[in-house]
Amino acid sequence: MIVITTDHAAHDPDRFTVAGDARAYWEVPARADALLGALRAGGLTTKPTTDHGLAPIARVHDAGYLEFLETAFARWQAVPGSRPILRAQAYAVRHKAHRPDALLGQAGWYLSSASAPIVAATWTAAIGSAHAAIDAADRVLAGERYAYALCRPPGHHAHTDMAGGFCYLNNAAIAAQRMLDGGGGPVAILDFDVHHGNGTQQIFYERDDVHYVSVHGDPAGLYPWFAGYADEVGSGRGLGWNLNLPLPAGAEDAAFTAAVGQGLGAIAGKRPAALLVSVGFDAQRGDPAANLAVDAAGFETVGRQVAALGLPTVLIQEGGYLVERLGANLTAFLTGLGVI
Ligand SMILES: [Zn+2]
């Protein structure tokens with residue numbers, strides 16, 4: 001299995017808001033370093049990502065949004081007195097809203113949460129992360145059974161035109177679209193990050209060529225709050241192509257792997273040509289970003305369950321914020337998968 005690495009470290013926002021307080025940012029470069037250490041210890045081959053340009057990213061994301069992400073930091077630095085980090089100050093809300101021309105207005109239009117600020121290296125890192133996902137998709141299209149993209153920043157909270165939850169470009173969605181554009185028919189995405197992938201759901205919600213299945217903590221008590229409920233089943237042509245399996249707070253390995261098994265069963269029923277997995281390790285017991293209680297044995301079981309499906313599989317790294325457990329959990333998952 002090939003591992004695609006990215007040049008992400010300069011994207012390193014300092015603080016964000018949790019429970020009303022400014023805290024140190026959780027989505028840190030050390031996360032990827034920990035994961036990479038485990039991959040190297042497992043003897044896996046790594047390769048830096050290649051530049052695919054914007055075209056495959058624009059297959060998923062809105063042109064105005066991409067222009068905002070690319071130019072926002074420079075526009076912000078032109079504002080007298082600005083700090084080297086751009087945060088939204090007022091958000092576009094669910095009532096009638098107009099996209100303004102002013103930078104701070106656009107920040108509130110395109111950045112949906114306090115956990116998606118823009119620093120100098122955000123655009124470069126986000127593009128590199130998306131390109132890593134494309135590389136992994138291309139490897140699987142070329143015939144490899146598995147490829148893993150060490151994506152940072154993660155992607156599954158990024159909508160067609162909105163950043164949020166540490167995510168800017170939806171790496172899994174971009175890779176899924178790449179797989180579709182490469183031929184072979186419908187694909188499925190299994191997302192076992194503890195947070196619902198509201199961006200991935202939104203991107204494919206009305207489509208019947210990507211089956212999105214998410215196992216996550218109940219959004220009634222966890223980010224992203226506004227999506228991820230069991231009654232969100234797709235609409236229009238996409239009806240029946242979206243499956244949410246929320247779990248109660250405190251759920252452990254047994255409940256987690258049972259839900260993954262249920263999700264993979266649904267995926268098998270759609271007979272997809274390939275599988276993409278949004279790999280998150282924040283269901284880990286004690287992760288600061290969540291409230292489930294999965295341990296390494298649970299992630300190893302998930303790896304076995306994914307392998308048993310027998311599909312060509314693209315692995316896309318998402319969340320996981322208990323840095324000292326990331327390496328062990330990735331090793332467990334890949335052991336279950338049978339690649340190390
Ligand atoms: Zn997460």
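**Ground rules.** I number residues from 1 along each chain as its sequence is written, and side-chain values use heavy atoms, with hydrogens and water left out. Because the model is predicted, I take local features only at pLDDT of at least 70 and side-chain atom pairs only at pLDDT 80 or more, while totals for chains, interfaces and linings use all residues.

**Entry 1: the sheet.** I looked up the strand order first. The sheet is open and has eight strands, in the order S4-S1-S5-S10-S9-S6-S7-S8, with parallel pairing. Strands are DSSP runs of E, at least two residues; helices are runs of H or I, at least four residues; both are numbered from the N terminus. Pairing requires at least two DSSP bridges between two strands.

Which strands stand at the edges? They are S4 (45–48) and S8 (242–247). Each has a single partner strand, so one side of each lacks a neighbour in the sheet. From one strand to the next, the twist averages 15°. I take axes as lines fitted to C-alpha atoms, for helices over the stretch in contact, with angles from 0 to 180 degrees between N-to-C directions.

I then checked one pair. S9 (residues 274–279) and S10 (residues 313–317) pair in the parallel sense over five bridges. Leu276 has Val314 in S10 as its bridge partner.

**Entry 2: helices on the sheet.** Helix H6 (residues 171–181) packs on the sheet and touches S6 (187–191), S7 (210–217), S9 and S10. Its direction makes about 170° with that of S9. Contact here means heavy atoms within 4.5 Å. Helix H5 (residues 122–141) lies across S1 (2–5), S4, S5 (146–149) and S10. H5 runs at about 175° to S5.

**Entry 3: around His195.** His195 lies in the loop between S6 and helix H7 (198–204). Is His195 buried or exposed? It counts as buried, at 6% relative accessibility. Asp193 is buried too, at 1%. The cut-offs are under 20% relative accessible area for buried, over 50% for exposed, and partly exposed in between (1.4 Å probe, protein chains only).

The side chain of His195 makes a polar contact of 3.1 Å with that of Asp282, and it reaches the backbone oxygen of Ala289 at 2.9 Å. A polar contact is a pair of N or O atoms within 3.5 Å; within protein, one must be able to donate a hydrogen and the other to accept it, and residues adjacent in sequence count only if both atoms are side-chain atoms.

Entry 4: Most residues other than glycine have a negative phi, and most peptide bonds are trans. A cis peptide bond joins Tyr223 and Pro224, with omega about 10°. Trp225, in the loop between S7 and S8, has a positive phi of about 60°.
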